[in-house]
Amino acid sequence: MTVHDEDIDGFFSTARVSGRDEAVVLGEEDYRDFLIGHDDPELADWRQMTYEKFAATRQQNEFLSALLADWDELYAEPFVGVTSDGVVRDGLYDLRRGGETDPELVAAAEQALAALSADQQRRVRYPVDAPDWRGWSNPEFVFHRNGLRLEDIADDQAEAILALIAASLSADGYARVREAMALNGFLGELTDLPGIMNERSYWFAFFGAPSPSEPWGWQLSGHHVCLNFVTVGGRDVIAPVFIGGEPALTDARPPLFDERERLAIRLASSLTAEQRAEAVVYASVLDPAMPEGRVHPADERHVGGAFRDNRVVPYEGIQASRLSPDQLGMLRAIVADFLLLLREPQRDLTLAEFDAHLDETWLSWYGATDGSQPVYFRIQSPVILAELDNHAGVWLANRLPARFHVHTTLRMPNGNDYGKAFIASWSADGAAQDER
């Protein structure tokens, strides 16, 4: 078949979405084989631009303008939540009565806000039910401007905000987030575009007011790191989450999701021929059997990205009940890694919700199961949608997906993204107590 490889907008080509009979095979090359020359117009034209100038210039592009218009339409929709069939299931998220937020976390939030001026506080703070929660996006160009940008505030103010983020996450989870932020800075160094991509090119917004009992949270949003944290009634939710990297490693550090990818390949490699026939939905990440529109020029295969809060994602692949105990153990370990950002015992509580719906959990896989190809996989149940996708280059020159550009997303389906199901349960419980 004829494979199209035409420029779309200077960053994307049709090669990343064109089906091809031949599978994309991983060779010995690494990200340095795809570095774009320093003086190449593809990079040089953006040099010395501020992030605002870059955003304004990029948004004049016809393809990008149409994408942002689509995002605006999705943003304007009332929040429903990700579902498998368009119908939200109630009663999935159990919020125990009487729970309270850790006092040390409340103190970290108070300290972060106290570090800001009165004007900065006005810009950074939103009501806990503000629609602005849904304004996060992954690209390096600015779309919605929620709150304050870390590179535009004083170092001590940024450090106070980072201390709040550290207090909200597990130690390992915070290390992963900072690693992804550092990789964004590394990409800025590789391309000599630090004004567009650096370790602090992220927006921070605070929702609600620090409290041991009332719901509140924060959002961190920017290139390859988007986190939405909510605490309510003694439960934390960190979703939606988008973490990625291009490149997802440096010469000194292993890939950002090395353990998760190794676990996934181990699980996929362990499938029997019968299991593989169910689990492998498409033979490659650019399988021509995919329906039109399944691969998106910006999202590629992942379905849980920015502005996809109401997406209907049918189950596909193999049901977890068809897996052996050892395979189920690997599946659960992968889910635990997706939930790494949660503190203990919050992660155990969320894993317990996953365990309760194991018979309704599905694993879908695109590509070879032996590690020889880039892959996409998704784990999906009524209470989790977690995916990993290998992408083509944006700031690197690889026209086809490669393992050194990775995107991951995490969603809490059926309405608990942004902790909304927990907040609704907490509000209903409060109203019931008032009536009594």
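Reader: Is Tyr-418 buried or exposed, and what is its relative accessible area?

Author: Buried means under 20% relative accessible area, exposed over 50%, and partly exposed in between, with a 1.4 Å probe and protein chains only. Tyr-418 has a relative accessible area of 1%, so this residue counts as buried. Please keep in mind that this is a predicted model, where local features need pLDDT of at least 70, side-chain atom pairs count only at pLDDT 80 or more, and totals for chains, interfaces and linings use all residues. Residues are numbered from 1 along each chain as its sequence is written, and side-chain values use heavy atoms, with hydrogens and water left out.

Reader: Where is Tyr-418 found?

Author: Helices (H or I, at least four residues) and strands (E, at least two) are DSSP runs, numbered from the N terminus. Tyr-418 sits in the loop between β12 (402-411) and α12 (420-435).

Reader: Which residues does Tyr-418 touch?

Author: A contact means heavy atoms within 4.5 Å. Leaving aside residues up to four places away in sequence, Tyr-418 touches several others, including Phe-79, Trp-133, Trp-136, Ala-239 and Pro-240. Tyr-418 and Asp-129 are 289 residues apart along the chain, with 9.5 Å between their C-alpha atoms.

Reader: What kind of peptide bond joins Ala-239 and Pro-240?

Author: Most residues other than glycine have a negative phi, and most peptide bonds are trans. Ala-239 and Pro-240 are joined by a cis peptide bond, with omega about 0°, and Pro-240 lies in strand β6 (residues 235-245). Another cis bond joins Glu-246 and Pro-247, with omega about -10°; Pro-247 belongs to the loop between β6 and α8 (258-270).

Reader: And what is the phi of Gln-48?

Author: Gln-48 is not a glycine, although its phi is positive, about 75°. You can find Gln-48 in the loop between α1 (41-44) and α2 (51-58). With a relative accessible area of 74%, Gln-48 is exposed. Asp-192, also not a glycine, has a positive phi of about 55°, and its relative accessible area of 32% makes Asp-192 partly exposed.

Reader: How many of the 436 residues count as buried, as a percentage?

Author: For the protein chain, 58% of the 436 residues count as buried. As for secondary structure, the chain has twelve helices and twelve strands. Its C-alpha atoms fill a box of roughly 70 × 55 × 40 Å, taken along the principal axes.
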